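Look at the sequence and the structure first, then read on.

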Amino acid sequence: MFNKLKIRGGVHAEERKEQSTCQPVRTLGIPPLLHLPLRQHAGKPAEPVVKVGDRVKKGQLIATSTGEDVCASLHAPTSGRVTAIGEVVAPHPSLLTTAAITIESDGLDECLQPGEQFDPMSLTPAEIADRVDQAGIVGLGGATFPAALKLKSGARQKIDTLILNGSECEPYLTCDDMLMRERAEGIISGARLIQRAIGAKRIVAGIEDNKPEAIAAMTQAAAAFDDVLVQPIPTRYPMGSAKQLIQAIMGREVPAGGRSSDVGALVHNVATAFAVHQALYEHRPLISRIVTVSGQCIEQPQNVEVLLGTPVSWMLEQCGGLSQAPARVVMGGPMMGQILQTTEVPVTKGASGILALANPEISKTEPSPCIRCGSCVSACPMGLVPLEMARHAKSDDFDGAKEFGLRDCILCGSCAYVCPSHIPLVHYFQFAKGELSSQREQSRKGELTKSLAEARKARKEREEAEKAAAKAEKAAKAKAAKEAKERAKALKAEQEQAKQALAAQAQAAADAPVNEESGS
Amino acid sequence: MIQLISSPHAHNRSSVQRTMLLVCVALLPATLYGLYLFGWPAINLFLLCLITALGSEAACLTLAGRSLKPCLDGSALLTGWLIAMTLPPWAPWWIAVVGTLFAVVIGKHLYGGLGQNLFNPAMLARVGLLISFPVEMTTWIDPTPITSAAAPGFVDSLLITAGLSPIPDAMTGASALGHVKTALTMNIPVTESIPLAFNVADAFIGTMRGSMGETSALLILLGGLFLLYKRVISWHIPVSVLGTLALLAFIFSLVHPDRFEPPSFHLLTGAAMLGAFFIATDMVTSPTTHKGQLVFGAGIACVAFIIRSWGSFPEAIGFAVLFMNALTPIIDRYFRPRIYGYSYSGKPLKSKE
């Protein structure tokens with residue numbers, strides 16, 4: 001049992017969680033402007049269904065998922081007027097823009113009238129998945145994969161265990177912790193809907209043992225159900241990664257190239273389960289989320305429930321602002337989060353935290369040569385050799401990097417966290433992964449071009465052959481026709497001859513009677 | 001300008017400098033004891049090694065047109081320190097200078113500097129010196145604590161280090177390993193020769209002939225445990241080296257007690273302790289995976305045991321380390337960790353039955 005709960009490698013990063021857990025989750029108000037990027041999930045951007053100038057109510061659909069694609073719909077977080085559908089700066093290190101719907105709030109927060117009342121637990125699995133899809137729910141742990149798709153594929157496979165991911169292994173972040181402490185009932189209720197949708201036999205909530213309050217609250221909420229188990233797991237980053245969590249709880253590894261369902265498991269974040277509960281019991285689509293605001297530069301670190309689309313700058317102001325100019329602002333956790341170049345970006349569905357970090361927290365140091373200490377090898381939860389991967393990636397030998405496991409790298413950052421030489425290992429891996437995927441794209445294009453060229457050649461050849469055949473046929477026909485003509489001619493000539501002969505005969509016959517007559 | 005910085009945005013605050021300095025701290029007890037035991041000439045030699053190491057590091061960096069910052073990372077300091085630990089304590093100045101120059105210039109910087117060298121620089125220097133200057137490198141002084149009457153004063157020590165004042169023969173002798181080896185060539189069984197040159201208590205505390213790193217097994221062991229506690233090194237290499245060496249010695253001495261030394265002798269004499277905790281664990285030149293480290297350590301112990309038992313040199317840790325250093329790339333190639341989701345043979349695991 002103890003072995004089961006262990007993961008390989010990993011690191012115990014300084015948690016720094018206590019500063020944001022001293023007060024309950026605070027619901028922030030309505031900002032004057034909300035920017036809702038059409039793509040805040042993994043997959044294709046949603047299609048807007050409103051026009052500039054339209055009035056929208058809270059919870060109204062403003063952009064819809066595009067049919068069969070990986071996509072999630074979007075709803076108005078509050079009532080107001082659509083003032084623009086255009087480009088805004090994306091919450092991404094590149095400062096690139098992204099298509100978004102901008103809503104000017106009217107402060108009334110008028111709700112859409114809820115539809116018919118029903119008991120969610122009486123819905124069929126497909127109906128549950130459809131409603132989750134309509135509510136625009138995505139994985140709120142950070143992956144932002146549309147939840148409905150996971151439910152649909154889960155329903156098709158044999159899932160034994162629904163794992164609720166409450167590990168929250170990233171330092172600083174406490175949004176899931178606070179959610180579990182305060183809204184455990186809702187989480188369990190949502191999880192039971194998911195369980196119904198995928199036909200899982202049991203639910204196991206995996207919670208790192210550094211969150212005793214959350215474990216207590218969840219255990220209490222789960223007590224009413226026999227098939228819901230709360231499982232404290234060791235505190236070790238990256239426990240929240242699906243593969244590691246499955247290993248800790250099921251004692252099995254997901255086969256390479258496979259999915260969680262290959263070992264009979266499906267992992268959903270606790271916040272996703274809560275969103276499912278809200279969507280089905282409260283008719284509230286995904287329009288807000290809990291965000292951890294923390295870091296040394298934040299005046300009052302805390303967890304806040306904010307409407308999606310709220311500008312980060314506005315949110316920070318509501319939290320008392322910054323106490324000093326941050327060395328780095330990060331969206332997400334410090335281990336896998338992305339830097340923000342500006343705080344004039346909206347909060348999106350995947351934003352679990354906004355961290356304003358001071359210099360001592362990021363301990364920025366110039367990289368020095370690798371001393372082959374092997375710390376990265378011990379820290380890697382996947383059993384890779386990061387130093388060799390980086391060495392190959394650095395010299396553009398991406399196949400060499402692949403040989404040491406680049407493809408299996410989950411970019412968790414454990415290696416870079418422990419590297420005494422401060423080598424930006426994840427940077428190399430992201431670069432190499434990007435290069436490999438563009439190489440794949442290139443070779444796919446090449447293959448396509450090749451197959452098209454081959455098809456063209458084959459077509460040409462076929463056409464040539466057809467032409468030649470047609471020609472030959474034509475020639476044969478012409479020959480046949482000629483022959484026929486000649487035959488006809490000959491026939492005609494024969495006929496002519498015969499005719500003439502006949503005529504001559506007739507003539508002779510005509511003459512003959514005379515002779516005959518004369519003869520008789 | 002947009003600065004693209006990848007995650008993670010946190011670090012455990014380790015650094016190369018911290019690692020190197022922790023190793024130096026771990027060496028400190030044994031070093032201080034050695035300096036006490038062998039007095040001023042040893043202090044001179046020690047300082048000379050450190051100064052030469054830092055000086056040659058700076059010179060090499062300057063010649064390579066690089067920043068002088070790496071001088072402060074502690075790696076050159078540690079190389080010089082380790083060389084001092086392996087030299088005869090009263091060796092003349094040029095032994096220290098030539099050895100350290102060889103280690104830093106040829107052993108490290110010709111390969112491209114920190115992290116690039118294939119061989120452990122300190123062991124390269126030690127072995128190079130031993131082969132080139134066998135007499136100077138095997139003149140072991142009797143322990144003459146700095147406070148004792150026989151110990152030379154500071155001025156006398158300068159003459160000794162300068163090579164101007166010959167060391168009286170009465171004060172020198174063979175190391176325990178050398179003594180037993182010589183006795184064996186004269187057909188004296190080890191059961192008779194060992195008690196004359198070795199007892200466990202002396203070897204443990206260090207009141208015996210040898211280099212500073214070879215005397216007190218206890219203090220070296222303490223330093224090693226400190227490194228393990230600080231997680232600068234993992235247990236794999238030391239345990240593998242000492243365990244294999246003890247096992248081999250146990251088996252052979254059991255079969256043939258007159259010919260082979262017992263495990264306690266192997267572990268407590270020569271550079272076995274220093275090698276297991278401080279030399280073989282050199283990160284740059286040892287394998288990076290735990291499996292590889294176990295193989296590497298066992299290899300060192302085997303080679304060392306073979307040379308000690310059948311070779312012509314009494315001490316062999318240096319040779320053994322260099323030998324296994326050369327095999328490190330191949331060990332790293334074949335002993336990789338199993339990747340998550342794959343079997344040990346590298347095939348994807350089977351999905352649910």
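Which strands of chain A does helix 3 of chain A lie across? Helix 3 (residues 175-198) of chain A lies across strand 13, strand 14 (302-307) and strand 17 of chain A. Its direction is at about 125 degrees to strand 13 of chain A. The model is a predicted one.

**The sheet in chain A**

Strands of a sheet pair through backbone hydrogen bonds, in a parallel or an antiparallel way. In chain A, six strands make an open sheet with mixed pairing, and their order is 1-14-13-17-15-16. Strand 1 (26-27) and strand 16 (338-340) of chain A are the edge strands, each pairing on one side only. Inside this order, strand 13 (residues 288-294) and strand 17 (residues 353-357) of chain A pair in the parallel sense, over three bridges. A:Ile354 in strand 17 of chain A is the bridge partner of A:Val293.

**Two helices in chain B**

The axes of helix 12 (residues 236-255) and helix 14 (residues 272-279) of chain B come within 8 Å and cross at roughly 155 degrees. Because angles over 145 degrees count as roughly antiparallel, helix 12 of chain B is roughly antiparallel to helix 14 of chain B. Their crossing is right-handed. The residues that meet are listed below.

| Helix of chain B | Residues in the contact |
|---|---|
| Helix 12 | B:Ile237, B:Pro238, B:Val241, B:Leu242, B:Leu245 |
| Helix 14 | B:Ala272, B:Gly275, B:Ala276, B:Phe277 |

Of the residues in this contact between helix 12 and helix 14 of chain B, eight are nonpolar, one is polar and none is charged.

Methods
Residues are numbered from 1 along each chain as its sequence is written. Chains are lettered from A and ligands numbered from 1 in the order in which they are written. This is a predicted model: local features need pLDDT of at least 70, side-chain atom pairs count only at pLDDT 80 or more; totals for chains, interfaces and linings use all residues. Two strands pair if DSSP finds at least two bridges between them. Helices (H or I, at least four residues) and strands (E, at least two) are DSSP runs, numbered from the N terminus. Two residues are in contact if their C-beta atoms, placed from the backbone, lie within 7 Å. Axes are lines fitted to C-alpha atoms, for helices over the stretch in contact, and angles run from 0 to 180 degrees between N-to-C directions. Angles under 35 degrees count as roughly parallel, over 145 as roughly antiparallel, 65 to 115 as roughly perpendicular and the rest as oblique. A crossing is left-handed if the near helix is turned anticlockwise from the far one by less than a right angle, and right-handed if clockwise. Ala, Val, Leu, Ile, Met, Phe, Trp, Tyr, Cys and Pro count as nonpolar, Asp, Glu, Lys and Arg as charged, and the others, Gly among them, as polar.
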